Amino acid sequence: MGEGPRLTRRGVRMRDVMHRPLFAEAVVAGGASGLDHLVRSVFAGETLESLDALAGSELVLSTGMALGQEQQLPARYIGRLAEQHAAGLCLQLPPDWDEATGAMVEVANRARLPLIVFRGPMPVVDIWEDVQRMIAGRYDQSVARLNTAFHAFHRLSRSSYTPLNVITMTSDLTSAIVVYVEEESGQMLIQPEGRFPDPASLSIALSELGGSEEPQYSALAFGGRVFGVLRQSVNVLGSSVGCIYILIDEQSFDPEDPMILEHATNALSYMLMKEHVQNKDLFREGSEVLQDLILGKTLPTQERHLWQRLGAVSGDRYFMIVGTALDQHANVLSTSPLPGVVREVLKRESLRAEVGVVGRDTVAVVCGALDADLKRRMRQTITDMEREMTHSGLRIRVGISADQTVGTAMLIAHRQAEAVLRSQELLGGEIGRFYEEMGVYRILLDRPLEDLEHFVWEQLGPVLANDQNHHGDLIGTLRVYLNCLGHTNETARALFIHRQTLYYRLRKLRELLGSQLENPEQRLALEVALRALDIVESGNRS
């Protein structure tokens, strides 16, 4: 959260606590100006040392029994509470006190720390339970409110609504004035309407605050009033296109308002991105040509026209990108802005490409040889795409083929990129983005799952059976040992175990595997079987 004025957030406050029946006999002896302090928890602390455990915003309960030991201790106790940013103090006056000391009241007033005094017995346990129930109830309300906001904005962004609908929804959810200012044109949307007679001046004043990648608090003096402002930029394809501002008169925000603002900016970003890139006519011709090329249905003249459009000649190199967009439940989307995003980021990288949609996948044929520099740029490009789509509530998988010679069958490049996608689906972060980096998985993923299962049990069966029967993880030890090229010191460090423990496990593995660990070819078979095991386990889970 960015720097800004110290804004009081609506929640359980000291003022709310004072209205509870348990506080009917209590009086505010000092620090009344701090009754708007937020209360996040309750803490019982009698000594100065115990207050070191405070994290901030606690309502502290004390019987006062330890405060009469020396004259300056009560005022020091209040001062320490203020230093630890406590919300307030409930104090039961000791039997020999008629009232809180003048020094305590003075420090409480100066620190704006509410000093609440009970002249009779203070119901410590009842207060603890009552205030904690208040806090828990406020938390449940907060979770419900955020859940409502998430689903509301998700519906808006995935349907044919407008930016005004997003601003109206944000205003309804926050009970605040919400403004969206478009960066290039200065056009402004405001809800509720009619609150400012001079909206153009307001737009200028807000724009001077600047944007922010994350929700950020500020104060704005405008029209003879001071507003608390919560603001966040709206980005499309890596560029800021505007900013959403939430204005609150009394400079008092709910704790969940920043997250509601994030939901709003993500929904608006996604909506504007769709508007910017999702033109079906733009991809229709490319989709038809690419689909026919992949299936081998095109005429030679159609293929020549494609390469001519891309400025490629016989002997040049190209590669294929295949991408899939998924929603928050990991379901593949039938329509998404991914084709437009791919086109935009490739254009930004000055790469000549034909982009289309084949089935539910985005497919791009890109001119160029995948040398080290282009691979580096492509990794950055994919990272940019992932970030943009994640901000819009989507996840993507992207696979890139090996580079091919212009004129070779595109089916080969498509199968390679699809293999990368499938490996990501099964193995997640274990696999990179490029077909050339898949290693032995290029072969394994072409085999039927039943063949892999047979191979795994043929090579690793005794170890897997032992782990199942004894709830062990010798297979994990074997994997790390082989990854460390048989170096025992490195293996023990990687497993966080003592070397003697590792030696015991290796003896057990040799009993189960016989000479396989010593024979180079058999050891290679074990390594391949471990990678096949990854695919089998992932395939069975899915």
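Is C243 buried or exposed? In this predicted model, C243 has a relative accessibility of 5%, so it counts as buried. Another cysteine, C90, sits at 0% relative accessibility and is therefore buried too, the cut-off being under 20%. As for sulfur bridges, the count is quickly given: the structure has zero disulfides.

Strand β11 covers residues 239-248 and runs antiparallel to β10, residues 225-236, with nine bridges joining the two. Along this pair, V229 faces L247 of β11. Both strands belong to an open sheet of five, laid out as β8-β7-β11-β10-β9 with antiparallel pairing. At the edges are β8 (188-191) and β9 (216-222), each with pairing on one side only. Going from one strand to the next, the twist averages 25 degrees.

Helix α5 lies across β7 (177-182), β8 and β11, and its direction makes about 35 degrees with β8. Helix α6, residues 199-209, also packs on the sheet, where it touches β7, β8, β9, β10 and β11. The direction of α6 is at about 140 degrees to that of β9. For a closer look at α6, S203 is a handy residue, as it is located in this helix. With a relative accessibility of 8%, S203 falls under the 20% cut-off and so counts as buried. Leaving out residues up to four places away in sequence, S203 touches V181, G186 and M188.

A second open sheet also has five strands, this time in the order β2-β6-β5-β4-β3 and with mixed pairing. Here the edges are β2 (27-30) and β3 (41-44), which each pair on one side only. The twist in this sheet averages 30 degrees from strand to strand. Helix α4 lies across β3, β4 (58-62) and β6, running at about 160 degrees to β3.

For α4 (residues 124-157) and α5 (residues 163-174), the axes come within 11 Å and cross at roughly 170 degrees. Angles over 145 degrees count as roughly antiparallel, so α4 is roughly antiparallel to α5. On the α4 side, the contact is made by R145, T148, A149, A152, F153 and L156. On the α5 side, N165, V166, M169, T170, L173 and T174 take part. Sorted by class, this contact has seven nonpolar residues, four polar ones and one charged one.

The axes of α15 (residues 474-483) and α17 (residues 499-513) come within 10 Å, with a crossing angle of roughly 100 degrees. Since 65 to 115 degrees is the range for roughly perpendicular, α15 and α17 are roughly perpendicular to each other. From α15, the contact uses L474, T477, L478 and Y481. From α17 come L502, R505, L506, K508, L509, R510, L512 and L513. The tally by class for this contact is eight nonpolar, one polar and three charged residues.

How many of the residues of α15 are buried? The helix is mostly covered, with seven of its 10 residues buried. These are L474, I475, G476, T477, L478, Y481 and L482. Just past the end of α15, L485 adopts a positive phi of about 60 degrees.

E262 is part of helix α7, residues 257-277. Its relative accessible area is 34%, which lies between the cut-offs of 20% and 50%, so E262 is partly exposed. Setting aside residues up to four places away in sequence, E262 touches P215 and Q232. From E262 to S538 there are 276 residues in sequence, and their C-alpha atoms are 34 Å apart in space.

Key
Residues numbered from 1 in each chain as written. Predicted model: local features only at pLDDT ≥ 70, side-chain atom pairs only at ≥ 80, totals over all residues. Heavy atoms only, no water. Axes fitted to C-alpha atoms, helices over the stretch in contact; angles between N-to-C directions. Helix = DSSP H or I, 4+ residues; strand = E, 2+ residues; numbered from the N terminus. Parallel < 35°, antiparallel > 145°, perpendicular 65-115°, else oblique. Contact = heavy atoms within 4.5 Å. Nonpolar A, V, L, I, M, F, W, Y, C, P; charged D, E, K, R; others polar. Disulfide = S-S within 2.5 Å. Buried < 20%, exposed > 50% of the residue type's maximum accessible area, 1.4 Å probe, protein only. Pairing = 2+ DSSP bridges.
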